[in-house]
Amino acid sequence: MSKVLIFAGTTEGRELAKILVRSGISCHVSVATQYGSMVMKNLESKNSESKNSESGKMESDESELIQIHQGRLDQEEMRELYKSTECQVVVDATHPYAQVVTETILKSIEGSTIKYIRLLRENSKYTLGGNSEYNLDSSDMLISHDSNDLIRDYKSVSDCARELENTDGKVLITTGSKELRYFCEKEGLRKRLLVRVLPGMESLKLCYDCGLEGKQIIAMQGPFTSEMNKAIINQYDIKHLVTKESGNLGGFDTKLEAAYESRIMVHMIKRPDSSVYGMNMKECLEKLEEYLDIKIKKSSLNITLAGIGCGSYEGMTIEVKNAISESDYIFGAARMLEGISAPGVTFPYYMEKDIIPILDKLEEERIGNTNIVILFSGDSGFYSGAENMYKALKNRKDTYVKLLPGISSISLLAARTGISWQDAKILSLHGVSEEVWISQLMDAVACEEKTFFISSGLKDIKRLGKLLNDMADKNLINEADIDIKLGYRLSYMDEEVTSPSFSDMEKYEKEGLYVGLILNRNTDKRVDRNIDRNIDRANLAPSISDQEFIRGKVPMTKEEIRHLSICKLRLKSGDVVYDIGSGTGSIAIEVAGLSKDIKVYAFEYKNEATELIKENIKKHNKSNIKLIQKKAPDGLDQVDKGDAAFIGGSGGRLKEILNRLFQINPQMKIVINAVSMETIVEMDQILKDIPIKNLDICQVSISKIKELGAYHMMQANNPVFIYSFEFCQV
C-alpha cells in the first residue's frame, strides 16, 4: 500500500505527485471536487503517454501509481482514509487560503504516528514597469510610481467586497468560486462582475447560485499570460481586478503586470497568517526521504522541440501554443522569441552547444518537473535543426523529449497559390553552399514541373534571378515557359505573394524571409532542344566520353577503362567513394553521376590537376564531389568512412594507402588500375600481405579507329591491368 497521502488542491500537489511517481513511489491523492479528480486523471494519462514514448524511461507503470479519492472529508472520514491506505506521511498541499481544511487535517492526525508536512507555495517579489520591486511578504500597501494606489490589500474577502461596493466600473474576480457570495450580496456590485473560474460543474453551479448570468462567467483553467489577462481587461473594459496573494504558480505576477500596464486597480486579499510551518518543494522532498527512508528523483526535464511555423503566433498549432503557455523556459532564435508571450524565462539560443550547458545547470538547481520548449522555424521535420537536437537530448537521464510539428512555409505558399506540393521537387537553399544549390536548382528547374524552395533571404533571391537569366541565355530554359511565385514574410501582417520575372528578382530590395515556387510548363521540350547534358536525365551507367572532360596535360583514365573500372566497383546508392590520384577527376565525375545519393571524395595533390578537377566539377555540375588536395593516405582521416575506393595513382605510397583503407573499413571494395611493370610487381606482393576476397585481375587492351585522310587506322592505347577485390577480416 501507499505510504504517502497528498491532500491536493494546488499546482504544488500535482507537481509532488508527478515527482513521486517518476521515482516509482505510489501515492494516494485526495481532491475535493470532480474537476480536481479530472485534473489528476489527466496527469495519469500524460504520465502513461510519457512512459510509452520512445524517449520515456519510466521504471514502473505510472498510471497505476496514483490512486485518487474524490470528495470533501471531515475528520472521521480522513481517519478512515488513513487506515485504508496505511499511510505514514500526510502532505497538506491544499490552497494557502484553505485554512479550515488545514485545521481539519491537523486534528485528524492527533494521537497517531502519522507525520505531517505542509507544502506551501512560496511568496515572491515582483517587478512592475521595470523599476519598483514589491515584496508581497510585506504588509505595507503597495504604491505605484506616480504615488496613486496600484494595489489595495485586504485581510478578508468580505472586506474587499465592501470596498468594491463603493467603486465604479466593471470588476474582474479571479479568486475562484467558493467565496463569490460575498461579492454577489449587493445587486449593484453583482451586475458589474466578470468572474473567472475553473471549468468544473461545481464552480459553474456556484456562479449560477449566486445570481450571475452566463455572459458574466469565464470558465477556464490557467496558466494565464499577461497578454491574455490584458485581452480580458480590454475586451470587458475592466476597472478593478480582484486576486489573492497567490505567488508565481498562482499567476499573480501576470495579473499584476496586466493590471499595471492597463492602469487599473488591483484588490489583493492577503494570505492568512498560519502557525504551521510551510515547506517549499525541496524541503518537502527532503522530509519525505527522511521519514520513509527512500530516494526521490527530485528533478526531470520535459523538453518539447516545437515547430512554430512561419513565425506568427496565429500560425502556430494549438499543441505548440499550449506547450509554450505551460513552459518554465523557452529557447529559440531572437526572431522567434519576439512574438512569444509566456510565463517562461526566455533564452535567445537555438544551437545545441549553447542550450546543453543551460540544461545541465537547470538539472542541478531545479526541483520538480521543468517544462522546456525549444523553438524551431517551420516544421520540426522539414530541413529543421530539431532532428539533431532530438538526437542530442533523447538519451539524457531523467529527460523526456517530444517533437511537435509546425506548418512549413512550403505548405503555406501552396495554400496561398492553390498549387499542391505532393508531386513537387522540394529544395532548401538555406544552410547549403551556393555551388550545391545552384547545381540542384538547375537540375530541378529544367526537369521538374514544380519546384518549391526555401531560402535564407534576399541574397538567395537575387542570385536565383541571375541564375535563371543565365539559364535562359544558354537556351536551357525558356522564360515564357516559367512561372515564379515568391512568398515574402508569410503569416505576418505584411506578407506578400508575387509573380516576378527573372530580372525582377535581381532587383528585389526587401530583406526578410522568402519561400518560392518555380513552375515549368514545358519540361519535356528539354529533350527535343537537346539542351546541355549536365541537366539532362541521369544515366544509369557510366557514359561520359573523353571529349567531355577538360584535359590539359594531366593523365586521364580513358573512357572504356574508366567505365569498366567503375562497373567493377559494384556501387550502390548511398555509397561513399574515394577516388585516389584523381587526375582530371574523370572517375569521380562518372561515379557522382550514377546517383545523387553517392558521395565522392577526390584525392589529388598536384596543383595543375586540382584546378582541372575544379573546372570539370563545375562543368558537369556535380555537387556530390568534394576535392581533398592532399597526397593519400594523408587526408583520409578527415572524410566520411568509405565503402569503395578507386586507385588510379598512388604517388609511390600504394601499400601505405591500402593499409590505411583497410583500417578505415575492413570490408571496403577496391579497384586499382596498373599500367607500369613496377606497380604490377608491387601488387603481387601486396596481395599476399592484405586479407582479401573475390580477387579479380584482368588485362585490358583498347584500340580505337582513327581517321587518317581517306583511311581508318587502329590506334592502340596502353594496356591496363585492372585489379578488383574486397577486404576481409581474418
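Buried means under 20% relative accessible area, exposed over 50%, and partly exposed in between, with a 1.4 Å probe and protein chains only. Keep that scale at hand for the tour.

The model is predicted: local features need pLDDT of at least 70, side-chain atom pairs count only at pLDDT 80 or more, and totals for chains, interfaces and linings use all residues. Residues are numbered from 1 along each chain as its sequence is written, and side-chain values use heavy atoms, with hydrogens and water left out.

**Stop 1: Ser312**

Select Ser312. Its relative accessible area is 9%, so Ser312 is buried. Look for it in the loop between strand S14 (299–307) and helix H12 (318–325). Helices (H or I, at least four residues) and strands (E, at least two) are DSSP runs, numbered from the N terminus.

Which residues does Ser312 touch, not counting those up to four places away in sequence? Show Ser491 and Tyr492. Contact here means heavy atoms within 4.5 Å. Now draw a distance from the side chain of Ser312: one of its polar atoms lies 3.2 Å from the backbone oxygen of Ser491.

**Stop 2: the open sheet**

Colour the strands S3-S2-S1-S4-S5 in that order. They form an open sheet of 5 strands with parallel pairing. Two strands pair if DSSP finds at least two bridges between them. Strand S3 (66–70) and strand S5 (115–118) are at the edges; each has a single partner strand, so one side of each has no neighbour in the sheet. From one strand to the next, the twist averages 20 degrees.

Zoom in on S1 (residues 4–8) and S2 (residues 27–31). These strands run parallel and are joined by 3 bridges. Pick Phe7: it stands opposite Ser30 in S2.

H1 lies across S1, S2, S3 and strand S4 (89–93), and runs at about 155 degrees to S1. Axes are lines fitted to C-alpha atoms, for helices over the stretch in contact, and angles run from 0 to 180 degrees between N-to-C directions.

**Stop 3: H3 and H4**

Show helix H3 (residues 75–85) and helix H4 (residues 99–108). They pack at an angle of about 55 degrees, with axes 9 Å apart. H3 and H4 are therefore oblique to each other. Angles under 35 degrees count as roughly parallel, over 145 as roughly antiparallel, 65 to 115 as roughly perpendicular and the rest as oblique. For the contact, select Gln75, Met78, Arg79 and Tyr82 of H3 with Thr104, Ile105, Lys107 and Ser108 of H4.

Step on to Glu86, in the loop between H3 and S4. Phi of Glu86 is near 55 degrees, a positive value in a residue other than glycine. Buried or exposed? Glu86 counts as exposed, at 52% relative accessibility.

**Stop 4: H17 and H18**

Move to helix H17 (residues 434–447) and helix H18 (residues 458–473). Their axes are 11 Å apart and the packing angle is about 50 degrees. That makes H17 oblique to H18. Show side chains: Glu434, Trp437, Ile438, Leu441, Met442 and Val445 in H17 meet Asp460, Arg463, Leu464, Leu467, Leu468 and Met471 in H18.

**Stop 5: two backbone details**

Select Arg570, in the loop between helix H21 (559–569) and strand S24 (576–580). Arg570 is not a glycine, yet has a positive phi of about 50 degrees. Arg570 counts as exposed, at 56% relative accessibility.

Finish at Pro633, in the loop between strand S26 (625–628) and strand S27 (644–647). A cis peptide bond joins Ala632 to Pro633, with omega about 10 degrees.

Methods
Polar contact = N/O pair within 3.5 Å; in protein donor to acceptor, adjacent residues only side chain to side chain.
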